[in-house]
Structure formats: C-alpha cells, structure tokens
Amino acid sequence: MSRRFTQVDVFASAPYQGNALAVVLDGDGLTADEMQRFARWTNLAETTFLLPPTTPDADYRVRIFTTESELPFAGHPTLGSCHAWLEAGGEPRAAGEVVQECEVGLVRLRVSDDGLAFQAPPLIRSGPVDEDLLVRIAESLGIGRADVVAAEWADNGPGWVGVLLADAAAVLALRPGAVPVDVGVVGPYPAGEPVAFEVRAFTPYQGATVEDPVTGSLNASLAQWLLRTGRATAPYLASQGTAIGRAGRIHVSAGAEGDVWVGGAVLTCVTGRVAL
C-alpha cells in the first residue's frame, strides 16, 4: 500500500542544519513490526507514524521508533510530526493549540514566534545520580569527576542523565568513549552571548557511543532541571550539534504556571509516498 510520507528538519537554523525526522502520515493498519522494519530502513534517529487518536482530547496519535525500538516520547519527533500533520491539512480542535497523543500521554503544542513548541512532559525520574555511576559517566566522557559541576537524572522517557560542566567550551571539547547510559551534557556560554547553553547528547549503542544532532526531549528535561535550580532563566536559546557539523537552535520558555515549553523551526525537505 502506498502511504503519504515526508521528511523534515527539526530545530533547524537553516536547511539541513537540524535533526532529520521521517514521518509516515497514514500509519493506520501497520503493525508494530512493520513500523519497526521501516524505521530501521530509514536509518534516522527516529521515524514516526501518525494515527487517529484514541481519545477525544487529542488531535492525532503518534508512534515513535528508533532503528531499534519504540519510544514513549521524544522531542524532535513531536515537533516534526506536528509540523507534518498540520502541513498535510490537519485541523486542531482548539485554535492555536495541538494535542498529540503518544505513549507517555497527551502532549500540548502551540505555535510560537520561533515555530512550534511543545510543553515539556513531567520527568519520570529525577534526583541525584549514584556516585559510582557518575564516576563511570565522567570517565566515559574523558573528564575527571571534579569537572562535573552538577548532575541529576533528567528522564522524561528516553532515560537521560543530565551533566553540567563549567562552560560551553568544556562541552565542545568532549571526546567521549562508550557511555554507560544516555547522557546529556550542558554548559553555559558567557553572559551576553546570543546562545545561553551548548548541549550534547550521547547514547550507548553496541559498545560505542552515538551523538544525537539535536534532542528535544533532552533539552526539555535539562530546562526543567536548570530552571528549577536557578542555573538558567527563561526564555533562553540553546545550541546543539555544533561539534558534529550541525547548527541546531532550541528555544526554551516558561509559562505563567511554571510550565516549560521547548520549540524550534521545522523545515520540510522531502515529500512523496512510500510502499508499506
């Protein structure tokens, strides 16, 4: 069966500078195995499949797959899927707001001056990191334990541990080995710079480490941690992907009730149909 397909660039400061996402717009009727097989074939960080919602509170449902498994939530697939849904003619139930259904629950999105933004979901794990694990993380990053300014679990689905370094230069200088868990590293730029933080995301894969170009889920959880502890003030702009030749830009803002919103530009790069 031929199904509508699009490939978008998320958190892009310019075409092909963000994080690519494949979106199958007509996912209804596909099995999980069929979705996983196609996601493995695209060989992108994530591939999503849009489906009718199962609740009247949502505008659409999305299933999110890496090349290896399904995720309950991920940030750049959320923005990219919403962009593709709207571009394909999706009409939100409420003006100016889209509600996405995924495994983690309902995620609100809105249109901001900087593009789409999603409301950061609650953390499913937070708090201190076991010291033995933190030492292993520091060693895997090629730094000493004393170089870690702070660290916390910042898990909203993928399993992130957040690590704060002294500055953005220290983040960019990292040459990691095999990290033991999903690690998000952040460091501040000097005051007055247009970008507040540099972020890098490292994931273990078959005994090695993969670096994600631009990571919405990580930036969402890091923002919740940094804002709660007074290490950041909203709104701010984060940069990710610099070390691997990308120029992702992530806009972080806070609502009146302390809710955190993560946004960025989404650009359509490929449209067509796929046989699935």
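This is a predicted model: local features need pLDDT of at least 70, side-chain atom pairs count only at pLDDT 80 or more; totals for chains, interfaces and linings use all residues.
Helices (H or I, at least four residues) and strands (E, at least two) are DSSP runs, numbered from the N terminus. Along its principal axes the C-alpha trace spans about 55 × 45 × 30 Å.

Two notes on method. Residues are numbered from 1 along each chain as its sequence is written, and side-chain values use heavy atoms, with hydrogens and water left out. Local features need pLDDT of at least 70 and side-chain atom pairs count only at pLDDT 80 or more, while totals for chains, interfaces and linings use all residues.

Buried residues make up 51% of the 276. Buried means under 20% relative accessible area, exposed over 50%, and partly exposed in between (1.4 Å probe, protein chains only).

Now helix H2, residues 75-87. Its 13 residues reach 19 Å from first C-alpha to last, close to the 18 Å expected at 1.5 Å a residue; the expected span is 1.5 Å times one less than the number of residues. How much of H2 is buried? The count is 11 of the 13 residues, so H2 is largely enclosed by the rest of the structure. Among the buried ones are His76, Cys82, His83 and Trp85. Just after H2, glycine 89 takes a positive phi of about 105°.

Next, the largest pocket, with about 690 Å³ of space. Of the 28 residues that line it, the closest to its centre are Ala45, Glu46, Thr66, Val210 and Asp212. A pocket, on a 1 Å grid over the protein atoms alone, is an open set of points where a 1.4 Å probe fits, with protein on both sides within 12 Å along at least five of seven lines; lining residues have an atom within 4 Å of a point. Grid points are joined across faces, edges and corners, and the volume is the space filled by probe spheres set on them.

Last, leucine 106, in strand S7 (residues 105-112). At 45% relative accessibility, leucine 106 counts as partly exposed. Beyond its neighbours within four places in sequence, leucine 106 is in contact (heavy atoms within 4.5 Å) with residues including Thr55, Asp57 and Val99.
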